[in-house]
Amino acid sequence: MVDPTGITLHGEVGAGADGGPRGPRPRRRFSRRNIFIYGTLIVVSVYYLLPLYVMIVTSLKGMPEIRLGNIFAPPMEITFQPWVKAWAQACTGLNCDGLSRGFMNSVIITVPSVIISIVIASVNGYALANWRFKGADVFFTILIFGAFIPYQVMLYPMVIILREMGIYGTLGGLVLVHTVFGMPILTLLFRNYFTSIPEELFKAARVDGAGFWTIYFKIMLPMSLPIFVVAMIIQITGIWNDFLFGVVYTRPDTYPMTVQLNNIVNSVQGVKEYNVNMAATLLTGLVPLVIYFISGKLFVRGIAAGAVKG
Amino acid sequence: MAELKLTDIRKSFGSLEVLHGIDLEIRGGEFVVFVGPSGCGKSTLLRLIAGLEDISGGTLEFDGQVVNHKSPAERGIAMVFQSYALYPHMTVYDNMAFGMKLGGGGKAEIEKRVRQAAEILQITPYLDRLPKQLSGGQRQRVAIGRAIVRDPRVFLFDEPLSNLDAALRVQTRIEIARLKERMADTTMIYVTHDQVEAMTLADRIVVLRAGYVEQVGTPMELYHTPANLFVAQFIGSPSMNIVAARATRDGEALVVEPEGGRRMYLPGAGKVVGDGPIQFGVRPEDLTISGEGQPVFEGLVTLVERLGESQLVYVERPGSDEPLVAKLPGHLEVERGARIELSANPDVVRLFDADGKAVAL
């Protein structure tokens, strides 16, 4: 739970971060209201956790045990062989080095895409929010319009552009695509956040003699940590989970993890190895999962701070 | 010590012009207050002087040098904002030192100046705190301190007291008055909608309305000889009673008959005013019931507001919905519903022509 007073304080990460309700503890722990709330929460969480449970359990079983058909039963004999196979040995086409290659590709794609897109978008948003240059509104409208154009429309033109630039099929090409396509929504995010910072702070900094970059680095950046966290989470999960761009703009040896996962799971030859598939899927989903676990609280606060103008 | 000269300053937002050619000269070391109702353009004018907004037309000079296209820092101004505008992630010390650090001052020099300013404003114990750990009054002092540290040529205040409660406002007002004494060489411009602040702080007041300057003068000039109806009613609280009247010349004298009132004989005024309709103005504090001067109005007391040392008496006169306000000494017994007679001295009465311009008596 986020303390509502913490939301309106821009950039004050400390406020209300210790969390939890304040004041005296409610006397009746098993009131009808609590039973209803917690009951609903438990039912919903079971609904969402059950598939995860099945995946983990299955990934730890051997194939003979899976063929028995009890998908909810815990493994009689725990084996990590499927995980090893998914990571290092599973075959996709001619390559038989599992997901490890795709993992490295995804890291090489995600890290620069996230950093470059956030750096550019935050400066964009800052300029649009605080330096009302001529044509700012037109520029902003065009940028936002970009967010509403379906990706499918731009797939092929993008292929031609990348080919002409000579980076089609390379990881650099995909980084460029992710950076460009992340721009509208990220710029919007940053612009709205910077707009919510009191204008007089910006003016005070100008009176103090600070210029464009000084204000950005010394004033805006330190006050905007929550929104940077939000942008990072959106970008990391978005780019990591991306399948469409990965499959269109890369070649087999540069496939990101998601594409490789698909190729492992959907291979039509041979026996379906459910345990390996489950392990591969869990491995692929691990990165966004970890990100959410680490930064869930900051994420909520950042989103709220951007939405509530204070 | 900077002299400012504004020549035909204009400001438009898109097609909307909000300042229609402001001409003004501010002497070095002067404390000038811009006052006016909200939306009159006083804050915009201040921001133009600060360099935070582009000037649409006219020239702005500091010491004879045109600064239209200079940045705030190049103009050498410092500004105190209504919302304090302290950087929330910096300590009080860093807030005050920020401008000098950017200006490239030496570390020892910065330290000395910050400590000095903190000493003046008695905020030395808070130098290591963050703004959120301070009260409203302390924050505003830090904001003032931040401006002092920069040792500006022109010191600008944008409604600095509006966010403070009544008691703090009076206290901070006195501190600003002291600051003015201490920094006698620094030109200061202060924007407010509060006429008490304007009256108490200003060397000269600039009254603005709807993008025009209505009058410039010392507080007492504005109080005693307002240039027009607007200034007359804006300065002074409660505001001046204005009643439509008829003027008739009688030789060198003038006979004025306010609606619902009695004739008043103004010796000498006949030389400047002709016959016809006129606006008759008298301040609430100039009305008496003791019979001094000439009796002008008579009516029923509809409301009495007792303020202690004085009381505001609202008097309804026949043929008008607009009550007259009289500020009478607090010790007089005035009952609601009583019928009273209000008198005024001819020399405190103000007359305004049909356009609202004051008639010089």
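I call a residue buried if 20 or more other C-beta atoms lie within 10 Å of its own, exposed if 12 or fewer, and partly exposed in between, with C-beta atoms placed from the backbone. I am working on a predicted model, so I keep local features only at pLDDT of at least 70 and side-chain atom pairs only at pLDDT 80 or more, while totals for chains, interfaces and linings use all residues. I number residues from 1 along each chain as its sequence is written, and chains are lettered from A in the order in which they are written.

**Entry: Ala136(A)**
I looked up Ala136(A) first. Ala136(A) has 14 other C-beta atoms within 10 Å, so I log it as partly exposed. I find Ala136(A) in helix H6 (residues 136–148) of chain A. Helices (H or I, at least four residues) and strands (E, at least two) are DSSP runs, numbered from the N terminus. Leu176(A) is 40 residues from Ala136(A) along the chain, and 24 Å separate their C-alpha atoms.

**Entry: cores**
A nonpolar core is a set of buried Ala, Val, Leu, Ile, Met, Phe, Trp, Tyr and Cys residues joined through C-beta atoms within 7 Å. I count 139 residues in the largest one; Phe34(B) and Ile189(B) are among those with the most contacts inside it. Helix H8 (residues 171–196) of chain A gives the most to this core, 10 residues. Another core lies apart from it, with 11 residues, including Met257(A) and Leu283(A).

I then checked Phe34(B). Leaving out residues up to four places away in sequence, I see Phe34(B) touch Lys42(B), Leu45(B), Leu46(B), Ile189(B), Val191(B), Val206(B) and Leu208(B). Contact requires C-beta atoms, placed from the backbone, within 7 Å.

**Entry: where A meets B**
I find 16 residues of chain A and 18 residues of chain B in the contact. On the side of chain A that touches chain B, helix H9 (199–207) and helix H10 (212–223) each supply at least two residues. H9(A) gives the most to that side, with six residues.

**Entry: strand E14(B)**
Why do I call strand E14 (residues 276–282) of chain B largely enclosed by the rest of the structure? Five of its seven residues are buried. I find strand E11 (residues 241–250) of chain B paired with E14(B) in the antiparallel sense, over seven bridges. Pairing requires that DSSP finds at least two bridges between two strands. Ala244(B) has Gln279(B) in E14(B) as its bridge partner. Strand E19 (residues 350–352) of chain B also pairs with E14(B) in the antiparallel sense, over three bridges. There I see Phe280(B) opposite Leu351(B).

Definitions and conventions. Contact = placed C-beta atoms within 7 Å.
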